[in-house]
Amino acid sequence: MSEVAVVGFAQSPVAVRDDATTSGVEMLVPTIAEAFGACGITKSDIGFWCSGSSDYLAGRAFSFVSAVDAIGAVPPTMESHVEMDGAWALYEAWVKVLTGDADIALAYGFGKSSGAELRRVLALQLDPYLVAPLWPDSVSVAALQARLGLEAGRWTEKDMAEVAARSRAAAAGNPAAQVSGSVTAAELLDRPYVAEPLRAHDCAPVGDGAAVVIIASAARARELCERPAWITGFAHRIDSGSLGARDLLSVPSAAGASSAASADVGSVDVAELHAPFTHQEILLREAMGLGGDVAISPSGGALCGNPMFAAGLARIGLAARAVMSGRAGRALGHATSGPALQQNLVCVLSGASS
Amino acid sequence: MKQQAAVLGVGQTRHRSKRTDVSMAGLCREAADRAVADAGLTLADIDAVVVGKAPDLFEGVMMPELYLADALGAVGKPLLRVHTAGSVGGATGNVAASLVQAGVHRRVLALAWEKQSESNAMWALSINPPFSMPVGAGAGGYFAPHIRAYIRRSGAPSHIGALVAVKDRRNGALNPFAHLQQGDITLEKVQASPMLWDPVRYDETCPSSDGACAVVIGDAPAAAEAPGPVAWIRATSMRSEPTMFAGKDHVNPAAGRDCVAALWRQAGITDPINEIDVAEIYVPFSWYEPMWLENLGFAAPGEGWRLTEAGETAIGGRIPVNPSGGVLSSNPIGASGLLRFAESALQVMGKGGEHQVPGARVALGHAYGGGSQFFSMWVVASTPS
């Protein structure tokens, strides 16, 4: 298989953005410009574009259509869209570069999570006949999962608070983070429940944002980036859509994706995990076999900024940045989608081409 | 290095206005089961699933493929969800093809669907996006002015649209899966039907359908193991442009012209009307047949209607268009593009049944979406390139 590398990444600051419309254009234009600037390219260098976003998040059909304005698709471009996190748009772009149809491709994801009550909107991802009519919202579904883990002795509320405290401290160095700061687990545990056993710190904040990742074939990567982050493995899997049919304490799709992406995931230096809830970070680390010497989400992770449909792509971009900057030799970016970690994607990046 | 890819099997549902006998999952499974059976496979043989669908608001389910993962046999496998407006069915086929062409997978199931009866697509389309022209009264209200521009530009006589409707509806009666079965439709009946969006009459517009379509795409070794004929994918192409911009040609969009130019180049086609044996083109309103004939280069600008008028787009003509009955006979929106792709494959596999174009060896599948801005196409043939 031919080699492809991440050569550029940019993300908008994550925040509740009153100035941004659901088409994402206001967040995308400066972010795309930043990514172009770092690579020294313009839109005419991009052979394939792929985006990820959601109509339900936007509250209207065809929300991605006006996002095309952000890329300036005149003259016409080779372009596609997934109704998924931008991480899967990057996957489609990676496949496109592998076919040889494009040398340089750009994936973007965007979401205005604050446009409505996110946890209720996400309830509409559930079985439309038997489950969604009951409106189990996304935080409550995650709370069921957290409760199962507590009762099974897999983690404690203190373990969960420690994930939050570590993430917030790490996010202090991340200008894109929505939440950051120094706080102890003990202080967090004094705060009230949002959906027992979840407290506010256990749940990703609701924020709007966009992310952009540029990839290139081996022939072009080195001229665009001094130290490209070579994609050595890229895979995704989905679990059952029926919550009752799943063991919510195992994440076979994350385990399957990570072992398909690399036989040796445990040896990465950095893993940027897309865990929107504290207990899900613990679940993902176990499912992927990430040991104590792997730096988990040094950006602060999704718990400090989770713009829907951009956050997974941003995880891969951040992992790539760790490699491109020389801070990591190998890094992993992860994305999730669906209720209680139903769908998972893993991208493994390396400073050394294979 | 691009690998060879071929359509190994095709399946579709019986399309109807309301498939109340099945859930969304049941509808999709019906098409998936038929496609894998046609390929001599089971769902267990599939490496990855690509799902396409138009806006989620059409059914009122956010990312329904999450719930459909079990019904599609996708659990434990990669599942991608494509959404590129009306062109999505075509894009679904192309993305599935690229997974095989890239060497990532050996057998991929592409499935596209819509269950329009769950909601009301026309009003789901009648939206008021920020800083954009609102689309009032659904797709017909959007496209009618561009059809009028075509008529004025080309000088086409006013009955051309009705001729397309008669041909496509009669073709649909040859296709047991088609939603509308109107073998006895006449020009007079079409011309007497109510005017919806001038010049588009009731009988010149697509129906609202529930339906799904699936194709199995495999690599060369998988094609060699297929029990029947396969359709080799000679070329795929996609292009996009904004809905509105200064200088946009809504009648003959640049994105469509660029898309087909890249397609013919890849397929090594220099004389489309003589080298393509049959075309399945996305014609949701009758007049789009002559408009797309020109956009695709089957006729010079302003001349497409002459092919229609002369009967050259009927089965047996120089360039048969939509022998399946096309979008005018069945329109499960998200699936309509993949139906075009699948029907083009059926033709070169020789499995078109009563709507088979005799001797078809090279076929075009075409889809478009949004405000004539998203295009996806493929060329399939009875032999590899």
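Because the model is predicted, local features need pLDDT of at least 70 and side-chain atom pairs count only at pLDDT 80 or more, while totals for chains, interfaces and linings use all residues. Residues are numbered from 1 along each chain as its sequence is written, and chains are lettered from A, with ligands numbered from 1, in the order in which they are written.

**Chain A as a whole**

- Chain A holds twelve helices and twelve strands, where helices (H or I, at least four residues) and strands (E, at least two) are DSSP runs numbered from the N terminus.
- Its radius of gyration, taken over C-alpha atoms, is 19 Å, close to the 20 Å that the globule rule (2.2 Å times the number of residues to the power 0.38) gives for 354 residues, so chain A is as compact as a globular protein of that length.
- Along the principal axes, the C-alpha atoms of chain A fill a box of roughly 55 × 45 × 40 Å.
- Of its 354 residues, 64% count as buried, a term for residues with 20 or more other C-beta atoms within 10 Å of their own, as against exposed with 12 or fewer and partly exposed in between, the C-beta atoms being placed from the backbone.
- Among contacts in chain A (C-beta atoms, placed from the backbone, within 7 Å) between residues at least 6 apart in sequence, 78% join residues at least 24 apart.

**Chain B as a whole**

- Chain B has 14 helices and eleven strands, and its C-alpha trace spans about 55 × 45 × 45 Å along the principal axes.
- Buried residues make up 64% of the 385 residues in chain B, and among its contacts between residues at least 6 apart in sequence, 78% join residues at least 24 apart.

**Local features of the backbone**

- Most residues other than glycine have a negative phi, and most peptide bonds are trans.
- In chain A, the peptide bond from V74(A) to P75(A) is cis, with omega near -5 degrees, and P75(A) lies in the loop between α3 (63-71) and β3 (79-82).
- Another cis peptide bond joins E196(A) and P197(A), with omega about 10 degrees, and P197(A) belongs to the loop between β5 (193-195) and β6 (198-199) of chain A.
- In chain B, M63(B) has a positive phi near 50 degrees; this residue sits in the loop between β2 (48-52) and α2 (65-68) and is buried, with 24 other C-beta atoms within 10 Å.
- A85(B) also has a positive phi, near 60 degrees, and lies in the loop between β3 (79-82) and α3 (88-101) of chain B, where it counts as buried because it has 25 C-beta neighbours inside 10 Å.

**An exposed loop residue in chain A**

- D293(A), in the loop between α11 (278-288) and β10 (295-296) of chain A, counts as exposed because it has 9 C-beta neighbours inside 10 Å.
- D293(A) and V270(A) are 23 residues apart in sequence, and their C-alpha atoms are 9.0 Å apart in space.

**The contact between the chains**

- The contact takes 52 residues from chain B and 52 residues from chain A.
- On the side of chain B that touches chain A, α3(B) gives the most, with five residues.
- The residues of that side of chain B divide into 33 nonpolar, eleven polar and eight charged, where Ala, Val, Leu, Ile, Met, Phe, Trp, Tyr, Cys and Pro count as nonpolar, Asp, Glu, Lys and Arg as charged, and the others, Gly among them, as polar.

Technical notes. Two residues are in contact if their C-beta atoms, placed from the backbone, lie within 7 Å.
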